[in-house]
Amino acid sequence: MTFQREHHRQRRTGQESRAAAGTGFLFGFTTVACITGFVATYYYFVRTTTGQFIDESALVESMAVHGPAGKAATEFLDWLPTISLVVAAVVVLFVTVIRRRWAAAGIAVAACVGANVATQVLKDLLPARPYRGVETLELNSLPSGHTTLAASAAAAVFLMASPRWRPLAGFVGGTFAIASGMSTLVNQWHRPADVVAAFLLVGVFMIPAGWLIIRTGGAWNVWEGFGRHWGSSRLWIALPVVLGLGSAVVAVISLARIAPGLEQQDSTTSYFWAGISLIVIAGYLATVATTALFAYAARRRDAPRR
C-alpha cells in the first residue's frame, strides 16, 4: 500500500512537471517580449528627440507637485531598500524553511540578484543621452535602480508563493513596485522611461526563473483555479485591469490638452500625469500578464493534462 501511494505521488509529480514544460514557449516568448520592450524603451526615450522631450518634460513638471508629495516620496524612497529586502527575505526564508522549497528559493534569489546587478551594469554600459536639442542631463539614468530593487523583491515573493496565493501576491507586489516607480518621478530622481525599463528588466530575469521553479517544483505548483480561495480571487486580476484602464484615460486626457489644435493649452503638469499613467499602465500590465501566465502554467488539481 505504501509503495502504491509513493508510486502514485511520483507519477502525479511527473505529470505536473511535464504539463509545465508545455508552457516553455510562452515563457520564452514573454522573456523575448521583455527584452524587446527594454530595447525599444531605451531607443525611443533616450535616442530620439520626441522621446527625450516627453520624458524630460514629465521630470521637469514633477516640481509642480513636489511639495508634501515630494516629502512623502523622499521618506518612502529612503526606506525602500530596507522594506524591499526585509519583506522579501522574511517571506522567502519562511516559505523555504516551512515548505522546504530550497531549489525555488535559490532560483528566485539568484534572479533577484541578477536583475539588480544588471541594472547597475547597464547604467555604465549603455551610451549616454545624445544631445537632441532637449536640455537634459547627459548621464544615463536608465533603468531605475530603486524600481528594480522593489520590483525584483516583489517578484521573488510572487515566485515563492503557492499558486493560490500568487494572484494576491502579484497585485500587492505590483502595486508596491508601481508606488516605488512613481516616487522616483515625484522626487525627481528618475524619468518615467527609467521606471518602465526597470519593470522590463526584472521580467527578463524573473520570467525564466519562474519557468525553472514551475519545472522543478511540479509537486507544489498545483491549484484549483481562480475563485476557489480568497488569495486567488478574480478581484486581484480585475483591480489592476481597472486601474490600468483608468490610467490610460488620464494619459489620453493629459496629452489631449497639449495636442496641437484650437484649444491647445500650455502644459503645467500634463506631461507629469502622462508619465505617471505610463508607469501605472506598464506596471499593472506586467502584473496581469505575469499572473495569467503562471496561472496557466500551474496545473490544476485533478485537471486533465494539457
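Guide: Let us start with a single residue, in a model that is predicted. Ser270 is found in helix H10.

Visitor: Is Ser270 buried or exposed?

Guide: One reads this from the relative accessible area, and a residue under 20% counts as buried. Ser270 has a relative accessible area of 4%, so Ser270 is buried.

Visitor: Which residues is Ser270 in contact with, leaving aside its neighbours within four places in sequence?

Guide: Ser270 is then in contact with Glu61, Ser254, Arg257 and Ile258.

Visitor: How does one describe two helices that lie against each other?

Guide: Two packed helices are described by the angle between their axes and by the distance between those axes. Take helix H9, residues 235-258, and helix H10, residues 270-297: their axes come within 8 Å and cross at roughly 155°. Angles over 145 degrees count as roughly antiparallel, and H9 is therefore roughly antiparallel to H10. The crossing in which H9 passes H10 is left-handed.

Visitor: How many nonpolar, polar and charged residues has the contact of H9 with H10?

Guide: The contact of H9 with H10 has 16 nonpolar, 6 polar and 1 charged residues.

Visitor: Where is Ala238 placed, and what is its relative accessible area?

Guide: Ala238 is in helix H9. Its relative accessible area is 35%, and Ala238 is therefore partly exposed.

Visitor: At what angle do helix H6 and H7 pack?

Guide: The angle between H6, residues 145-160, and H7 is about 175°, and their axes are 9 Å apart. These two helices are therefore roughly antiparallel to each other. On the side of H6, the residues that make the contact include His146, Thr147, Ala150 and Ala151. On the side of H7, they include Arg166, Ala169, Gly170 and Gly173. By class, the residues of the contact of H6 with H7 are 8 nonpolar, 7 polar and 1 charged.

Visitor: Which residues are buried in H3, and what covers them?

Guide: In H3, the buried residues are Gly51, Gln52, Asp55, Glu56, Ser57, Ala58, Leu59 and Glu61. Their cover includes helix H2 (24-47), helix H7 (166-186), helix H8 (192-216) and H10.

Visitor: What does Gln52 touch, not counting residues up to four places away in sequence?

Guide: Gln52, which lies in helix H3, has 2% relative accessibility and therefore counts as buried. Gln52 touches Tyr44, Phe45, Val46, Arg129, Pro130, Arg132, Val134 and Thr136.

Visitor: How many helices and strands does the chain have?

Guide: The chain has 10 helices and 2 strands. Their order from the N terminus is α-α-α-α-α-α-α-α-β-α-α-β. Of the 306 residues of the chain, 50% count as buried. Among the contacts in the chain with a separation of 6 or more, 82% join residues 24 or more positions apart.

Note on methods
Residues numbered from 1 in each chain as written. Predicted model: local features only at pLDDT ≥ 70, side-chain atom pairs only at ≥ 80, totals over all residues. Heavy atoms only, no water. Axes fitted to C-alpha atoms, helices over the stretch in contact; angles between N-to-C directions. Helix = DSSP H or I, 4+ residues; strand = E, 2+ residues; numbered from the N terminus. Parallel < 35°, antiparallel > 145°, perpendicular 65-115°, else oblique. Left-handed = near helix turned anticlockwise from the far one by under 90°. Nonpolar A, V, L, I, M, F, W, Y, C, P; charged D, E, K, R; others polar. Buried < 20%, exposed > 50% of the residue type's maximum accessible area, 1.4 Å probe, protein only. Contact = heavy atoms within 4.5 Å.
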